[in-house]
Amino acid sequence: MRDSPGLKPLFRTAAVVLALTLTTLVLLATKSPPLAAYASIARGAVGSWSVGSDVLVAWVPLLLVTSGLLVTFTVGLWNIGIEGQITSGAVFTTWALRSFQGGSLDPGLAIAFAVLAGMAGGMLWAMLVGALKTFGGVNEIFGGLGLNYVATAVNLWLIFGPWKRPGVASMSGTVPFGRSYWLPTVTEQSRFAPIAVVIAVVAIAVVFVLIQGTYFGLRLKAVGRNSRAAYLLGIPTWQYTMVSFAICGLFAGLAGAIQVTAVYHRLIPSISSGYGYLGLMVSMLVNYSAALAAPVALFFAALNVGSIQLPIILKMDSSLAGVLQGTLVLFVLLAEGVRSRVMKKGGSRP
Amino acid sequence: MLIELRDICKTFGPVRANAGISIEVASASILGILGENGAGKSTLMKILSGFQLPDSGSIILDGEAATIRSPADALARGIGMLHQDPLDFPPLRLVDDIILGSKGRLRPDRRRTAKEFRELASRFEFDLDPEAYVDALTVGERQQLEILRLLWLGARALILDEPTTGISLPQKEKLFATIRRLASEGMTVLFVSHKLEDVESLCDRAVVLRQGLLAGSEVPPFDTRRLIELMFGKEVPQSPHLRIARGGEVLSARGLCLDSLRLQIKDLDLSVRAGEVIGLAGMEGSGQAIFLASCAGLARPVAGSVRIEEREMTRASHHDFKREGVAYLPAARLEEGLVPGLTLEEHFILAEGRRGLFIDRRSAEIKAASRIASYNIKGRPDSPVEELSGGNQQRALLALLRDDLSLILVEHPTRGLDIESTIYIWSKLKERCAQGTAIVFISSDLDEILQYSDRVIVFFAGKVSPPLAAESLGVEELGRLIGGKGWEKFEEAVRA
């Protein structure tokens, strides 16, 4: 049955309105002023050049992990281990920078190698999930979740153990790197590194072309939708599964590397900042297609950054952004479900 | 129960599945419902059995207008449907399977139900143990279980959807005897099939549907040509049995031993030559499927060897077999053969297996269009495969095959297809044979086995007959072998 063209945007709009309504109700229930809260988020996201660049700083890792997740979703995998892959990337980058710092290597080259090391680290962590699935029969959701905890534990052990600050170990992370080992930013105080934005845009473009226009992407789709048929059609299925994990891990590791080299300049306990889970939500919201990933990720990043001011200005918790994002994803998925039922109305019932 | 369907209409988007169909079935009678795939048979039966609501029209049961909202609703009114794939619960015991469908009672009375089940079973001479597990039953026995279940729930009208697919000849005879007996006891029976022979031998009256309309109604003695004409609007010619010159050995199996969950095959020897067609007959699950899989690298033999054109392939993977020119077409077309969500064009691109980075969509579309035309597929390059009918999906699977194959292995090449598609599929397969490709196929349709094979191998519970010449093998004898009778002569031959 064909979709009638007018219906889809209608359901999408309804989903957004419902998500806003529910969030507003939550705000009213907690006796908070909804309009003031939304206005504060908007001001916090686009009110000035400084917050605008903060949004871009959040956008880069979010878009990178989303790019990677689109590859694993295409092959039908729930790579929930993405958080651990970001962390692993950050750890590898920190390790590389620590060994280069103070050495004879040119800092620019050192950063480049450190970023590559981070990508390798993310890839390694993702291939572990893939190997557990392929050779051990461990579902990628369980394997990924487990490895997330392992990555967090390793990260904390490094920060409080071998890499602790001289004197006292602290939640604020390892000793910051020297300024020459930072990814170049627009101003001294800013965390905004234009090159990181370029990398993220290139990443999503590469993934878009990969999935839409290449033999590789088409084979990934085939494996994701029916791996038995794909195998009979001559596609080496488990190899494609592994490669898709590797690619996703590469992007996640890159996100971790940028968190270290451009944003925090050191390893901190929550280095992944939840961008992995947020990337899963963005992927679901764009229905696993690369075309809309960039703007939706930007919107999510804006919500996150915009809500940072809420505790200061309105004495509200900044998790309001999470509430809005979560309800948005739920309602869009719900609307999609309802729409496909409406389309089939009068057809077969379950 | 007197069932009257009046002016039933049902559309799916642009497709008019039922365009005003009126049928009347009296109690104690068997009505055959014929029609090719997509003629509207299934839709009409789904409406009568409560799976779907009609857009317009009415259902009148024993003179009373009824709105049937769900299968449970239909059953409450006495209409039971026996689906092509039995709707049962394989991990349960038979008695629990039966209880599950019944209403009400908080605590089911297993003992009483088992007793009633035994009585019902013995009435119809079904050898079913209520304490046995459903997954130990054959397809035929599962049908018997479903029939008993529907009777136990008080069905006064039975709809049977393609019930003779996948069951053996003796099971079919038993089924027909049961149906006749039920009808003589007052049951209203609707028998949906595209097998003319079954309808001709069983039914008191046959209606033919074509393109959502009632094309005609016939009574015995049935005229086969007339029925075919009603089904297709024209007469379909049957292709003559062509003999093709044989070439060298393509497939050689020596002392093959196979092991599956249920059965073992020992010491199977077979040599297939280029251009030859081998039919594998037997009840489903008798070992033919695992043998076919082992010839494609999809099942590992325990012992023995498989060679493709002299090359040792026993431990090779399916992709190695593919490279040697072996193709495998699974029975479950949409589950194993095709990728739902991808278009025909994308399937052709995948099957081509080209190396390279970027897809040249334009040339792919041109190639797809020419394949679609030469295989007479009703679809466009951008049609998702799940929107194609079963016959067109099978044509697509054939169209995906490389040109220079040495061996094609097919599970149920024409299962669920109408006569026109069946003849078309086989004409394409025979074309391949003429070019020197050998074919090994599984079928539960005895006529198909006898008509298209050069040699036939019968499987029964892991026992394998030697290859038998199809010309000198009759339906009768083949049916007996499939049912496990007349195997002594092979065993004596081995001893002698």
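User: What makes E19(B) and strand E21 (residues 468-469) of chain B a pair, and in which sense do they run?

Analyst: Happy to walk through that one. In this predicted model, E19(B) and E21(B) are joined by 2 bridges and run antiparallel. Two strands count as paired from at least two bridges, so these 2 bridges are enough for the name. One place to look is B:Arg455, which stands opposite B:Ala469 in E21(B).

User: Which sense, parallel or antiparallel, describes the pairing of strand E13 with E19(B)?

Analyst: Parallel: E13(B), residues 277-281, pairs with E19(B) over 4 bridges. Here B:Ile278 stands opposite B:Arg455.

User: What joins E19(B) to strand E20 of chain B?

Analyst: There are 2 bridges between E19(B) and E20(B), residues 463-464, and the strands run antiparallel. With at least two bridges needed, they therefore qualify as a pair. B:Phe459 stands opposite B:Val464 in E20(B). The hairpin of these strands has 2 residues between them, and B:Ala461 takes a positive phi near 45 degrees there.

User: Why are E6 and E10 of chain B called edge strands?

Analyst: Because strand E6 (79-82) and strand E10 (213-218) of chain B each pair on one side only. They belong to an open sheet of 6 strands in chain B, in the order E6-E7-E8-E3-E9-E10, with mixed pairing. Neighbouring strands in this sheet are turned by 20 degrees against each other on average, direction ignored.

User: How many bridges link E3 and E8 of chain B?

Analyst: Strand E3 (residues 29-34) and strand E8 (residues 188-192) of chain B pair in the parallel sense over 5 bridges. B:Ser29 has B:Thr188 in E8(B) as its bridge partner.

User: Which strands does helix H5 of chain B touch as it packs on the sheet?

Analyst: Helix H5(B), residues 139-152, touches E6 and strand E7 (157-161) of chain B, and its direction makes about 175 degrees with that of E6(B).

User: How many residues of chain A are in contact with chain B?

Analyst: The contact involves 23 residues of chain A and 28 residues of chain B. H8(A) gives the most to chain A's side, with 6 residues.

Definitions and conventions: Residues are numbered from 1 along each chain as its sequence is written. Chains are lettered from A and ligands numbered from 1 in the order in which they are written. This is a predicted model: local features need pLDDT of at least 70, side-chain atom pairs count only at pLDDT 80 or more; totals for chains, interfaces and linings use all residues. Two residues are in contact if their C-beta atoms, placed from the backbone, lie within 7 Å. Axes are lines fitted to C-alpha atoms, for helices over the stretch in contact, and angles run from 0 to 180 degrees between N-to-C directions.
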